[in-house]
Amino acid sequence: MKSIFWVVLILLAFFSFVPAQSPYILVLGTAQDAGAPQMGCMSAFCRNAWNNRRLQKMVSSIALVDPATGGRWIFDATPDLPQQFQLLKKHTGDYSNKLSGIFLTHAHIGHYTGLMYLGRESINAESIPVYAMPRMRKMLSGNAPWSQLVDTNNILLKPLEDEALVRITETISVAPFLVPHRDEFSETVGYRIETYRRKFVFIPDIDKWQKWKTSIIDVISSNDFVFVDATFYADGEISRPISEVPHPFVTETVELLKSLSLKQRQKVYFIHFNHSNPLIQGDPEIVKKITGMGFRVTYEGQVVDL
């Protein structure tokens, strides 16, 4: 009996040290396109953040990691891509330049301009798959300097279609879906990531919820994790007319979802914060209010197991 006891203990110890093989999401950044603090901003928060690296936040982006295959995909190529790629390397323990692909949501500066670092002046990547919708692909292939990345095979444009599932491994699929936004140069999409266990949704940019043909409540009920646009906390944060940037306020989203059960509210993660948003500034009362209702506030380095 003693020998069996020791065998069981050894097996338990062994399996406790076996690295997790399940896919996961790693949050690479949480800020709106221009980061936090933003260029030219001299508010009280910005003045503090310029002098305190801990208050500075990288632009909204996530990585999908599959330990079983070593796959690493990044969603949105931000102006902070070099630092974010290094964060991804450190977290995975793989310091090679292997990148399985980049999925783009749309053509606003915080979501695709990081592609410039894949060119000759920087990493000089070789045929990194870049997944994009039709107008986004046309914009990249037909306009310098992005067209140079295509012509020199730094990137390989991969077609996406609305709601069409892309299988990136035997157990992981990704599907884009159109959302309403200011589509001057491209479509705007969110993404649904599906594994054999869970479903994850990423919507960093969208106009008011009522403009979308899909119910966000239905999205929450049919998925396990939902990352949503939280650019502004409430009206009056910025001097520009809010009609120019009609994102859903966090207060509007909370009001819309407050009747959901706690279990459903806990699926909702806020991301893509403008530097004016008290959630990214770490306002303790506001953060406590939102998290106290069950909602989550994303942070750099956060991991969500899929």
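Both faces of strand E9 are covered: Val 189, Tyr 191 and Ile 193 on one side are buried, and so are Gly 190, Arg 192 and Glu 194 on the other. Buried here means under 20% relative accessible area, with exposed over 50% and partly exposed in between (1.4 Å probe, protein chains only). Strands (E, at least two residues) and helices (H or I, at least four) are DSSP runs, numbered from the N terminus.

This is a predicted model, where local features need pLDDT of at least 70 and side-chain atom pairs count only at pLDDT 80 or more, while totals for chains, interfaces and linings use all residues. Residues are numbered from 1 along each chain as its sequence is written, and side-chain values use heavy atoms, leaving out hydrogens and water.

What does E9 pair with? Strand E8 (residues 173-178) runs antiparallel to E9 over 6 bridges, with Ala 175 opposite Arg 192. E9 is also antiparallel to E10, through 4 bridges, and here Arg 192 faces Val 201. A hairpin of 4 residues links E9 to E10. Two strands count as paired if DSSP finds at least two bridges between them.

Zooming out, 7 strands make an open, mixed sheet in the order E7-E8-E9-E10-E11-E12-E13. Strands E7 (166-167) and E13 (296-297) sit at the edges with a single partner strand each, so one side of each has no neighbour in the sheet.

There is also 1 disulfide, a pair of cysteine sulfur atoms within 2.5 Å. Cys 41 and Cys 46 form this link, S to S 2.2 Å, and both are buried.
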